[in-house]
Structures are given as structure tokens and as C-alpha cells.
Amino acid sequence: MKFATWNVNSLAVRLPQLLDWLAANPVDALVLQETKLTDDKFPTLEIGAAGYQVQWFGQKTYNGVALLSRTPALDIVKNIPDLGDEQARVIAGTVDGVRVIGAYFPNGQAPDSEKFAYKMGWLEALREWVRGELKAHERLVLMGDFNIAPEDRDVYDPVAWAGQIHCTPQERAHFQDLLGLGLVDAFRLFEQPPKSWSWWDYRNLAFRKNQGLRIDHILVSEALRPRVTACEIDKQPRRNERPSDHAPVVVTLQ
DNA sequence: ATGTCACCTGGTAGGTGA
């Protein structure tokens with residue numbers, strides 16, 4: 001069984017690449033972030049023709065998430081219950097007995113900004129909601145664009161990025177809080193190439209120079225951990241002519 | 001290199017968010 005996450009940065013632009021990727025990587029479930037589509041514009045027919053069920057939750061211009069799966073996803077939840085978030089950032093469903101949560105964490109802009117305060121509140125609400133989800137679902141996967149680089153080895157220049165957005169102690173503490181609920185970073189269960197990133201800025205020739213961050217993650221519950229046999233970042237789509245700035249991350253389970 | 005992309009409004013450019 002394979003699950004994956006990908007921030008596509010506009011599904012309207014990236015749909016052909018998504019269909020190509022799914023044809024080459026027929027995962028069992030895939031969560032998308034930054035679809036940037038209102039619900040009436042979601043390409044259900046094309047994704048259905050590719051052999052996937054899909055649940056989606058979007059808004060105008062910003063954010064937007066989706067959950068694609070081979071088998072129908074059950075018990076769908078959109079956004080963190082009771083948070084009252086106006087931004088479309090979370091979609092969850094149960095796929096083949098696994099609770100799958102796909103999330104587009106707030107960017108946070110800068111540590112002294114209002115957007116950072118929003119990010120902190122959102123992270124706290126997510127943690128408390130996921131705590132309950134784990135009680136209800138022993139087999140759980142939380143994946144998406146976390147907009148957090150958990151450790152210095154997840155940053156191409158940790159000195160330059162120290163204290164900057166994605167790398168602040170507050171964000172990293174929240175990441176550790178999620179692990180503390182009984183989740184594990186699937187990527188770090190395995191030996192990985194050094195300088196493994198999931199996002200490269202469009203600017204500054206960052207991809208060509210491999211200057212990136214690892215901010216897209218797949219966390220699995222303790223019950224799933226023994227079943228994880230691989231976790232990889234697929235850089236191939238980032239080499240496309242008109243790529244998303246993020247690469248997909250894929251986890252394989254027995 | 002100060003090097004981009006996607007979206008909006010309101011237009012043949014500027015602002016925002018990432």
C-alpha cells in the first residue's frame with residue numbers, strides 16, 4: 001500500500017502533471033495541497049477517469065486540499081472541527097482502514113507577523129484534534145505541506161535560516177508535539193541521501209543548486225510503523241518544464 | 001544576481017502570497 005502527499009501549487013496548472021504522475025505512481029491514496037480552486041471548478045471527471053475517487057475542499061485563490069483514493073474514502077472531515085477556520089486546509093477520510101489526514105499547514109510568513117500567530121493557533125488546534133483522531137483510529141497517517149523544517153538537517157543553509165519562518169523553535173516544538181502524540185516521521189525511519197528536500201524556492205535557481213527545505217512530511221501512527229517499508233521524496237516532477245515548487249513524498253506500507 | 005510563479009483586480013500593470 002502506498003500513500004502520498006503533494007503540494008501542486010494550483011491544480012488548474014498542474015492537472016496534466018498530476019495525471020502523468022498518477023499513471024507512473026499508482027498510489028492507493030494521495031493528498032493534494034494548494035489546489036487553489038473553488039469546489040465548482042474541481043476536475044472530478046479527469047481524476048475519475050484516472051481511476052480515483054476524490055474528495056475535495058477548496059476556496060478562491062488560496063489554499064484548497066483534496067484526497068484521492070482507489071477505494072472510496074469514508075467519514076470525510078473538512079478542516080479542523082470547532083476551529084472555525086475560514087481557510088480550506090484539511091481533508092480527512094478513512095481509506096482501506098487507515099485514517100488519512102491531508103493538511104496544508106499555514107505558511108506563517110514571518111515570526112513577528114499576524115500570520116505566524118494564526119499558524120500557532122492552527123497548530124495547537126490540529127494537535128488537539130489529531131490527539132482525538134488517534135484515540136479513534138489506531139492506524140493513522142498525517143501528511144501534507146507542514147511548512148516546518150523539523151531539524152537543521154532539513155535545511156540547506158541552517159545558519160542563514162536560523163529563527164526564520166519554517167525553522168523557528170516554536171514551529172519545531174509543534175512538530176515535536178505531533179510526534180509526542182504517537183506519530184513517527186516516516187522519512188527518518190530510513191537512511192536517506194543527505195540534502196534531501198521537498199521544496200525549492202522558484203527564485204534564485206534554487207532547484208538547480210539544490211537549495212531547499214524538507215517541509216512536506218508523512219507521519220504515521222505507532223500501529224503502522226512496523227508496516228512502513230519505504231519513504232521517499234520524488235524529485236522527478238520538480239524537473240518538469242513548469243513544475244510545482246514542491247515534490248511529492250511517498251510512503252510504502254506492507 | 002537583485003535571478004519566480006500563480007492568482008487577483010482591473011486592465012494591458014500592480015499587489016499579494018508563497
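Val100 touches Phe3, Ala29, Val31, Leu67, Ala92, Gly93, Val95 and Val141, leaving out residues up to four places away in sequence. The model is predicted. Val100 is also among the residues with the most contacts inside the largest nonpolar core, together with Val141, Leu142 and Ile218. That core has 70 residues, and β7 gives the most to it, with five residues.

- Strand β12 covers residues 216–221, and six of its six residues are buried, so the strand is largely enclosed by the rest of the structure.
- In a regular strand the side chains alternate between the two faces of the sheet.
- In β12, Asp216, Ile218 and Val220 point one way, while His217, Leu219 and Ser221 point the other way. Both sets are buried.
- β8 and β12 run antiparallel and are joined by five bridges. Within this pairing, Met143 has Ile218 of β12 as its bridge partner.
- Ile218 is also one of the residues with the most contacts inside the largest nonpolar core.
- Strand β9 (residues 183–185) is joined to β12 by three bridges, again in an antiparallel arrangement. Val184 has Val220 of β12 as its bridge partner.

**Strand β1 and its partners**

- Strand β1 (residues 2–7) is mostly covered, with five of its six residues buried.
- β1 pairs with strand β14 (residues 249–253) in the antiparallel sense over four bridges. Here Lys2 stands opposite Thr252 of β14.
- β1 pairs with strand β2 (residues 29–33) in the parallel sense over five bridges. The bridge partner of Trp6 in β2 is Leu32.

**Helix α3**

- Helix α3 runs over residues 114–136 and has 23 residues.
- The buried residues of α3 are Lys119, Trp122, Leu123, Leu126 and Val130.
- These buried residues pack against β7 (98–104), β8 (140–145) and α5.
- Tyr118 is placed in α3.
- Tyr118 and Pro106 are 12 residues apart in sequence, and their C-alpha atoms are 7.7 Å apart in space.

**Surface near DNA strand B**

- DNA strand B is surrounded by 16 residues, of which the closest are Ser10, Thr61, Asn107, Tyr202 and Arg203.
- By class, the surface near DNA strand B has five nonpolar, six polar and five charged residues.

- Asn79 has a phi near 65°, a positive value in a residue other than glycine.
- Asn79 is found in the loop between β5 (74–78) and β6 (90–95). It is buried, because 20 other C-beta atoms lie within 10 Å.
- His166 is not a glycine either, and has a positive phi of about 85°.
- His166 lies in the loop between α4 (158–161) and α5 (169–180). His166 has 21 C-beta neighbours inside 10 Å and therefore counts as buried.

- Leu37 lies in the loop between β2 and α2. Leu37 is buried, with 22 other C-beta atoms within 10 Å.
- Leaving aside neighbours within four places in sequence, the contacts of Leu37 are Leu11, Ala12, Phe42, Gly58 and Gly64.
- Leu37 and Val155 are 118 residues apart along the chain, and their C-alpha atoms are separated by 30 Å.
- Gly48 is found in helix α2 (residues 44–49). Gly48 is exposed, since the number of other C-beta atoms within 10 Å is 12.
- Gly48 and Arg70 are 22 residues apart along the chain, with 9.7 Å between their C-alpha atoms.

Key:
Residues numbered from 1 in each chain as written. Chains lettered and ligands numbered in written order. Predicted model: local features only at pLDDT ≥ 70, side-chain atom pairs only at ≥ 80, totals over all residues. Helix = DSSP H or I, 4+ residues; strand = E, 2+ residues; numbered from the N terminus. Near = placed C-beta within 6 Å. Nonpolar A, V, L, I, M, F, W, Y, C, P; charged D, E, K, R; others polar. Expected span 1.5 Å × (residues − 1). Contact = placed C-beta atoms within 7 Å. Pairing = 2+ DSSP bridges. Core = buried A, V, L, I, M, F, W, Y, C linked by C-beta atoms within 7 Å.
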